[in-house]
Amino acid sequence: MENLYHLKASLPLTSAADASERFDKQALLQLHELARQQLGNVPQGIFQARLSFTDTIGSSGGASSVPLEKLRPISFTQLQVGRVHRGRVLYGTICAEAFRISGIMTMLEDGHGLGVRLAIYNAAHSQTNIQRLYPRGAKVAIREPYFKRAADGSLAIRVDNPANVEMVVTHKEQKRRESLPNVDVEELRKKGNSCFREKQWDAAAEYYTKCIEAALLQLKKGSSNDNNDINTSLLHAYSNRSETRLRVKEFELALEDSEKALGIDSGNLKALYRKGRALVGVRQYAASCECLEKANEASPGQFEIQEALRHAKTLYSQSRNGKYDISDYLLGRESSTPEVADFIGPLEIKMTKDGRGRGLYAKREITTGQLLLVSNAVAVAFEDDWAGINVDHRGNINLPSQEELVAAVVSAARKSQRLLQQLYSLDDYSAPSSLDVPAIDLFKTQGQIAAGKEILQVDVNRIRDIISRKSFGGAEQTFASRSKIYEAKLVQRGQNFSGLWLLPSFIKHSCLPNSSRLKVGSAMFIHACKPIKRGEEITISYFDTLVPLPQREAMCESWGFKCNCRRCILELSLKAALEPISGRFEELHDKALEETNAARYLEGFDADLPICAEFAKLFVEAEKIISSSALLKTEKERNWIRTSFVSAYLAGTQSNDFFTTSLMECVPSGEEVMEAIQNAVPGDIRTLVMVAQQLEGAKRWFGDESLFITRRASEQAREACIRVFGRHSEDVLKALILQHSDCHLF
């Protein structure tokens with residue numbers, strides 16, 4: 001929950017705590033209104049400091065399954081701090097204007113003049129929709145309320161699952177329902193249309209729903225003399241509500257409405273068009289093409305239908321063949337992110353042989369650059385440079401985007417049983433031996449809900465736990481993500497967000513990965529960065545692995561696992577010898593990065609950079625240990641360890657001081673360093689930058705088409721580009737290589 005009363009010094013902390021202790025309605029209302037005015041219009045993506053209401057201890061996170069009438073009422077004054085009141089229900093009336101920051105903030109009053117703060121989390125809605133969902137004056141029932149104290153001492157009810165806030169049917173609402181047989185259904189539909197034109201999607205859907213309720217009741221009771229008119233209104237209400245649900249991406253509900261409309265008139269053009277688009281939304285591309293073909297045949301020449309059909313056919317082809325044209329996006333010629341379909345290559349989910357749980361495996365031989373899968377994110381949460389911090393009850397600082405991501409995923413899960421089934425299949429909290437291995441068909445675009453499965457309930461805490469261990473983004477990159485290389489003309493541009501991807505969640509980390517990941521908007525492309533054998537596990541790097549073992553161990557620990565790849569085991573045997581170097585690595589890295597970034601703002605970049613030169617000496621020291629160690633039997637093994645210190649080398653290449661010392665005699669050539677990285681992490685983008693710069697240098701010295709060295713450098717650059725970006729046409733590969741020739745290595 002937002003620390004509404006701590007953000008501004010002018011807000012009295014003690015009054016918030018005292019007022020909440022006394023359930024002082026008027027004092028709490030004043031504080032709420034002041035906070036709403038100060039924070040209620042903050043743009044999305046700007047986060048404030050948060051209370052420890054992010055602590056969900058004691059809260060189940062799931063929806064209460066007990067019928068409302070079987071829960072015993074509890075009054076405000078009976079609430080006990082720090083307790084989830086099982087088997088109880090709290091009735092109240094919303095008495096303040098709700099607003100959203102990370103959660104929805106509002107207030108309840110009882111019938112005795114008392115008030116209490118209410119925070120509803122994991123409800124991803126716009127500010128406009130909040131007023132409609134939680135309007136002032138609405139009677140609500142809070143199932144099994146959780147009453148807790150925040151860090152500032154104030155008290156509030158926290159709701160983690162919005163399903164536990166139920167609107168109570170008031171006497172006025174009951175009267176409205178009783179009058180449905182006499183309501184003018186067409187008038188309700190017209191009001192819905194009016195709201196639709198104003199882009200008030202929720203309001204429009206509400207009117208269409210009332211129209212549908214009234215029409216069905218009138219048809220059932222025979223209270224109308226003209227059933228044909230009622231059926232026509234019902235048809236249009238279903239079809240129009242389908243469109244409103246498409247606008248808010250409630251695709252399964254939109255599909256259901258369009259099918260009901262087609263049940264009344266199987267040839268209705270708008271319903272066919274909307275069903276086709278809804279089928280795209282649930283990723284049933286073949287069925288979408290069939291539906292839109294039917295609409296196109298019924299009304300040839302309709303631009304919107306033809307465009308929707310073309311789009312559906314493109315996505316169907318992508319999902320079947322794994323052929324994507326994203327070259328304009330990669331090269332920066334297209335500002336918008338292309339919409340792409342999910343694709344699953346020759347893969348299967350299996351238990352790992354070493355007890356690490358479930359992993360993704362190759363079903364046949366895979367070549368370098370081959371596309372393995374494409375996965376659109378379930379949801380993403382954008383981070384902001386102005387973001388505040390989120391401090392939990394243990395004093396841990398969490399990424400501000402995580403709670404935003406939880407809310408977005410929960411919101412998406414409420415709209416789709418199939419998605420909820422997919423989400424819960426990611427849960428690996430139990431022992432590996434007891435985990436189910438889901439069929440990969442569950443994640444295919446034409447997949448359906450598994451037959452015989454019970455209706456799943458949204459469990460917020462379970463989803464939060466899955467996200468904490470399975471999401472990508474945010475803190476996954478440490479060193480390289482701070483480098484200017486990631487701010488150059490790369491696909492990472494402007495994509496500072498965290499997200500949850502389904503099938504990629506099964507891919508395990510390795511510091512010797514055989515695959516690379518590439519983000520295109522919120523879609524994740526996974527392709528092989530080296531040949532992969534049949535039956536071999538697919539692995540990627542979760543974070544930058546061009547760092548020493550202690551830093552990699554710390555990152556693995558933050559993800560909740562220990563890496564036992566061959567590189568980590570080998571480097572562990574040298575840990576004592578390398579420890580003096582590793583201990584200075586992070587501090588010097590950050591100082592060297594600050595130095596190079598500052599130098600880039602000066603006229604010309606050639607400069608003496610003493611910190612970079614000092615940092616580079618760590619690579620020289622490490623090289624002496626690596627070259628003399630009897631534990632390293634092959635050049636490949638030496639390269640694995642060399643890669644851990646290569647950032648120091650890359651920093652040294654920025655400094656004139658480094659090249660004027662005799663230290664260079666102990667250092668491998670740039671080509672050897674590049675080979676070392678490719679041995680360990682062949683899909684690392686720095687290999688592409690290094691070889692692209694070598695190629696441009698060779699062209700300057702020897703000409704585009706002359707000498708063997710230029711042709712050899714061209715082939716090396718092409719191979720490096722394929723490892724990073726996958727397979728593309730020769731023209732696209734050449735353009736990508738050229739694009740990266742002016743990027744910074746450090």
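This is a predicted model: local features need pLDDT of at least 70, side-chain atom pairs count only at pLDDT 80 or more; totals for chains, interfaces and linings use all residues.
I started with Glu621, which counts as partly exposed at 31% relative accessibility.

**Glu621 and its partner.** I looked for what Glu621 pairs with and found a salt bridge to Arg584, the closest N and O atoms being 2.8 Å apart. Glu621 sits in helix 19 and Arg584 in helix 18, so the pair ties together parts that are 37 residues apart in sequence. Arg584 is partly exposed too, at 34% relative accessibility.

**Other salt bridges.** I got a count of 40 salt bridges. One of them joins the side chains of Asp160 and Arg464, at 3.7 Å from N to O. This pair links distant parts of the chain: Asp160 is in the loop between strand 9 and strand 10, Arg464 is in helix 15, and they are 304 residues apart. Both Asp160 and Arg464 are buried.

**Helix 15.** I stayed with this helix, residues 460-470. Its buried residues include Val460, Ile463 and Ile467. Asp459 caps its N-terminal end, with a side-chain oxygen 3.2 Å from the backbone nitrogen of Asn461.

**Helix 14.** How many of the nine residues of helix 14 are buried? I found eight, so the helix is largely enclosed by the rest of the structure. Ser416 caps its N-terminal end, a side-chain oxygen lying 3.4 Å from the backbone nitrogen of Arg418.

Last, I checked the second largest pocket, with a volume of about 1300 Å³. I noted 46 lining residues, and Arg356, Lys508, His509, Glu537 and Thr539 lie nearest its centre. Helix 15 turns up again here, among the elements that give two or more residues to the lining. By class, I have 17 nonpolar, 15 polar and 14 charged residues in that lining.

Methods
Residues are numbered from 1 along each chain as its sequence is written. Side-chain values use heavy atoms; hydrogens and water are left out. Buried means under 20% relative accessible area, exposed over 50%, partly exposed in between (1.4 Å probe, protein chains only). Helices (H or I, at least four residues) and strands (E, at least two) are DSSP runs, numbered from the N terminus. A polar contact is a pair of N or O atoms within 3.5 Å; within protein, one must be able to donate a hydrogen and the other to accept it, and residues adjacent in sequence count only if both atoms are side-chain atoms. On a 1 Å grid over the protein atoms alone, a cavity is a set of points where a 1.4 Å probe fits but cannot get out, and a pocket is an open set with protein on both sides within 12 Å along at least five of seven lines; lining residues have an atom within 4 Å of a point. Grid points are joined across faces, edges and corners, and a volume is the space filled by probe spheres set on the points. Ala, Val, Leu, Ile, Met, Phe, Trp, Tyr, Cys and Pro count as nonpolar, Asp, Glu, Lys and Arg as charged, and the others, Gly among them, as polar. A salt bridge is a side-chain nitrogen of Lys or Arg within 4 Å of a carboxyl oxygen of Asp or Glu.
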